[in-house]
Protein chains: 2
Amino acid sequence: MKQYKILLIIADGLGDRPVSKLNGLTPLEAANKPAISDLLKNSMIGLMDPISPGVIPGSDTSHLSIFGLDPHVYYRGRGAFEALGAGATLKHGDVAFRGNFATVNNDLVVVDRRAGRKLEEGEELVKELNEKIKEINDVKIRFYKGTEHRVAVVLSGKGISDKVSDTDPHYEGLKVLESKPLEDSTEALRTAEIINILTRKVFDVLNSSEVNKRRIEQGEKPANIVLLRGAAHYIKLPSFSSYTKLKAAAVSATALIKGICRELGMNVVTPVGATGGIDTDYNAKAKAAIELLKENDFVFLHIKATDAASHDGLVEEKVKAIERIDKVVGTIVDNVGRDNLILMFTGDHATPVEVKEHSGDPVPILLYVPYPIINDNARDFNEKEARKGSLRIRGLDVTNILLNYSNRAEKYGA
Amino acid sequence: MKQYKILLIIADGLGDRPVSKLNGLTPLEAANKPAISDLLKNSMIGLMDPISPGVIPGSDTSHLSIFGLDPHVYYRGRGAFEALGAGATLKHGDVAFRGNFATVNNDLVVVDRRAGRKLEEGEELVKELNEKIKEINDVKIRFYKGTEHRVAVVLSGKGISDKVSDTDPHYEGLKVLESKPLEDSTEALRTAEIINILTRKVFDVLNSSEVNKRRIEQGEKPANIVLLRGAAHYIKLPSFSSYTKLKAAAVSATALIKGICRELGMNVVTPVGATGGIDTDYNAKAKAAIELLKENDFVFLHIKATDAASHDGLVEEKVKAIERIDKVVGTIVDNVGRDNLILMFTGDHATPVEVKEHSGDPVPILLYVPYPIINDNARDFNEKEARKGSLRIRGLDVTNILLNYSNRAEKYGA
């Protein structure tokens with residue numbers, strides 16, 4: 001049996017609901033999609049629940065599922081995945097926190113949870129923290145800059161736990177909290193102590209930092225504390241090839257997704273011009289995917305623009321993004337040849353433009369294969385047609401389905 | 001509420017894809033099925049994923065699922081089920097291997113992995129091995145003849161493990177491998193040692209066997225080693241009646257399926273003329289099912305012909321097999337009376353005739369009940385109509401569904 005190449009295209013936040021500005025159509029319905037429509041002649045379509053029906057997925061938990069890893073096993077909290085997204089390399093058992101640069105007064109009362117929102121010196125501050133705070137009680141400490149005011153903090157060492165409470169009081173006017181053990185274990189007690197020492201040290205370093213003296217001179221609030229939340233043990237992800245036998249690559253410009261793909265051992269490519277935003281260079285992404293398909297069995301192409309438009313409530317931008325993704329599909333299929341690959345197109349979750357947030361609705365999914373199958377003869381690919389399709393799956397099924405229809409699955413049993 | 005008899009008919013490898021020789025129809029579509037069509041007036045139909053979407057089931061894992069036992073709990077590997085199929089009675093904790101009679105030279109380099117493919121003396125050789133090798137280091141050893149050159153080896157005793165590597169080098173020209181522990185445990189170490197002693201003893205017994213002297217005289221390769229692979233702990237299966245309260249019987253001529261049904265405590269019947277092949281005596285199977293339905297609540301009728309035809313790529317034979325199964329359905333329903341039973345007809349997996357191997361596609365499923373239900377008013381029972389039906393289930397749901405619609409299920413909760 002011919003083993004086909006696999007192309008998985010995820011349009012982040014693709015799923016939607018009827019939009020009043022579109023006279024009740026969804027963006028996927030409203031978009032002109034000649035390339036995708038052409039694939040419908042030999043495709044199955046349907047609906048996917050990235051986690052399970054009604055559960056609102058994060059992009060992290062849904063991508064884990066789609067790559068065949070149960071988030072209930074591998075996902076212990078956002079801290080670890082925020083750190084991955086910020087470029088951290090994590091070891092099994094590391095404890096990671098999400099954090100904010102914030103402004104406190106000398107009594108450690110929070111004055112601004114985001115240090116005035118605009119923080120251009122994040123890189124500098126993280127560098128200074130990494131130079132001045134390397135270890136506390138034999139536990140290694142690392143800081144990673146996230147987007148805007150965000151920062152991830154990673155603890156590495158023996159006898160640490162993620163069962164500790166946040167230092168972030170979550171409201172301004174309140175004092176930075178003491179981290180407390182959330183279970184009766186020496187590891188949790190020890191970790192809370194380390195976090196409390198860390199908080200004090202971070203304040204000392206940042207409060208006397210030249211960066212913050214400059215900010216104060218310029219009339220800006222100092223970024224003189226890091227508020228921590230969401231402690232999470234990192235459960236080491238297996239490599240994608242270890243359980244799929246696929247040589248895999250990813251095209252993405254989104255930090256969190258790139259971090260996950262890197263951890264899975266994929267070759268991650270971010271073409272020049274790919275931004276993770278509405279203005280991304282679609283053609284550069286198509287070209288990167290075409291190149292990667294030459295050398296890899298599996299190429300994952302992630303496009304964030306649909307989600308970015310949804311979060312901003314920009315209906316026309318979402319429609320436009322889908323139409324550009326359709327061109328990407330056309331370019332890749334024409335180049336690689338429609339007889340040489342199977343192609344799945346779906347989203348990692350719904351982000352209805354009128355909701356502006358992720359939702360737990362199922363997401364339309366399309367699977368094109370280059371040989372005769374029981375195809376759904378759908379007239380269009382959208383949320384309404386998808387309801388009538390034959391696929392009704394969960395995110396965790398995606399990888400198995402791709403292996404099956406590319407003739408690359410191994411039999412489970414005899 | 002009347003409790004109905006349950007008839008479950010599994011046509012092995014029933015599911016298929018459009019077949020070019022049938023002008024794009026599937027065998028199930030092409031087959032003339034008056035008896036099944038007649039049941040559609042009061043049936044639900046749909047699709048079943050024997051394990052989960054995309055996973056390619058073995059006949060063993062899928063039958064476990066269909067009988068309500070999660071293979072992820074009960075299935076530790078093929079060795080144990082190969083042994084069941086070969087007639088072994090296994091105890092919880094036994095470690096079983098799949099094996100081949102093969103030919104090695106005096107340096108234990110594999111010359112032929114199947115000892116010349118045609119091995120008519122398997123029974124004799126297994127008998128000799130069982131007489132001469134009964135125990136190694138307090139662990140009981142048993143050999144069972146499988147089909148053709150296949151043999152199963154079972155270890156019974158305390159402190160043994162299935163975490164040991166194969167002795168089968170999987171390629172000719174390589175030396176028989178030493179079994180190695182796959183984890184750092186005394187049990188794994190001990191088992192690997194036993195296997196290595198066993199391999200040597202097997203060679204000594206077989207190499208000096210009269211059978212092999214005869215084979216060499218006749219110009220055939222000696223079957224002078226057993227190559228082992230797929231070590232698997234046997235997890236004792238509960239009896240089917242313990243969790244269903246059903247008195248159950250099975251009609252099958254296929255070793256693996258018979259082994260599983262026996263372990264589940266079913267009364268297993270193989271009528272004279274039933275072969276497990278294309279040439280099986282369908283009428284004898286129908287008669288056996290009719291007899292068993294008198295004394296049992298649940299009768300499972302397994303027909304291998306559809307799978308056998310699929311593996312051989314024989315489209316017309318598969319269509320013919322389905323048409324004969326339709327006659328079996330008609331004979332049983334007419335005899336037992338359509339008001340007296342519920343009937344499920346499905347496959348344990350798809351074996352597309354053009355693929356000639358199991359695939360992970362969903363399988364069409366039909367459930368007839370003798371009282372008014374929300375029926376699917378399907379025009380035909382095939383892969384395409386099944387997509388539009390109301391059932392969208394997994395193998396593990398089958399037993400619960402049968403209990404429910406036969407009015408034999410117990411409430412889960414208050």
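This is a predicted model: local features need pLDDT of at least 70, side-chain atom pairs count only at pLDDT 80 or more; totals for chains, interfaces and linings use all residues.
A cavity is a set of grid points where a 1.4 Å probe fits but cannot get out.

**Figure 1. The largest cavity has residues of chains A and B in its lining.** Welcome to the inside of the protein! The structure holds 3 cavities of 30 Å³ or more, and the largest cavity has a volume of about 140 Å³. From chain A, its lining takes Met44(A), Ile373(A), Ile374(A), Ser390(A) and Tyr405(A). From chain B come Asp16(B), Arg17(B), Leu47(B), Asp361(B), Pro362(B), Glu383(B) and Arg387(B). Sorted by class, this lining has 6 nonpolar, 1 polar and 5 charged residues.

**Figure 2. The second largest cavity has a volume of about 90 Å³.** Look for Met44(A), Ser390(A), Leu391(A), Ile401(A) and Tyr405(A), which line the second largest cavity along with residues of chain B, including Leu47(B), Asp49(B), Pro53(B) and Arg392(B). Helix 15 (398-405) of chain A and strand 2 (43-49) of chain B each give at least two residues to this lining. Its classes are 7 nonpolar, 3 polar and 2 charged residues.

**Figure 3. The largest pocket has a volume of about 1300 Å³.** Of the 41 residues lining the largest pocket, Lys411(A), Ala414(A), Arg78(B), Arg150(B) and His311(B) are the closest to its centre. Helix 15 of chain A supplies at least two lining residues, and so does each of these elements of chain B: helix 5 (78-85), strand 3 (95-104), helix 10 (255-263) and helix 12 (305-311). Within chain B, domain 1 (5-76 + 238-406) and domain 2 (82-234) each provide at least three residues of the pocket lining. By class, the lining of the largest pocket counts 11 nonpolar, 14 polar and 16 charged residues.

**Figure 4. Domain 1 and domain 2 of chain A are in contact.** Here the view moves to chain A, where the domain assignment gives domain 1 (5-76 + 238-406) and domain 2 (82-234). Taken over C-alpha atoms, the centres of these two domains of chain A are 35 Å apart. At their interface, 6 residues of domain 1 of chain A are in contact with 11 residues of domain 2 of chain A. The area buried between the two domains of chain A is about 670 Å², with 48% given by carbon and sulfur atoms.

**Figure 5. Asp162(A) and Arg76(A) form a salt bridge.** The closest N and O atoms of this pair are 3.1 Å apart. Across the interface of domain 1 and domain 2 of chain A, 1 salt bridge is found.

Terms used
Residues are numbered from 1 along each chain as its sequence is written. Chains are lettered from A and ligands numbered from 1 in the order in which they are written. Side-chain values use heavy atoms; hydrogens and water are left out. On a 1 Å grid over the protein atoms alone, a cavity is a set of points where a 1.4 Å probe fits but cannot get out, and a pocket is an open set with protein on both sides within 12 Å along at least five of seven lines; lining residues have an atom within 4 Å of a point. Grid points are joined across faces, edges and corners, and a volume is the space filled by probe spheres set on the points. Ala, Val, Leu, Ile, Met, Phe, Trp, Tyr, Cys and Pro count as nonpolar, Asp, Glu, Lys and Arg as charged, and the others, Gly among them, as polar. Helices (H or I, at least four residues) and strands (E, at least two) are DSSP runs, numbered from the N terminus. Domain bounds come from an automatic or database domain assignment. Contact means heavy atoms within 4.5 Å. Buried area is the accessible area (1.4 Å probe) that two parts lose on being put together, summed over both. A salt bridge is a side-chain nitrogen of Lys or Arg within 4 Å of a carboxyl oxygen of Asp or Glu.
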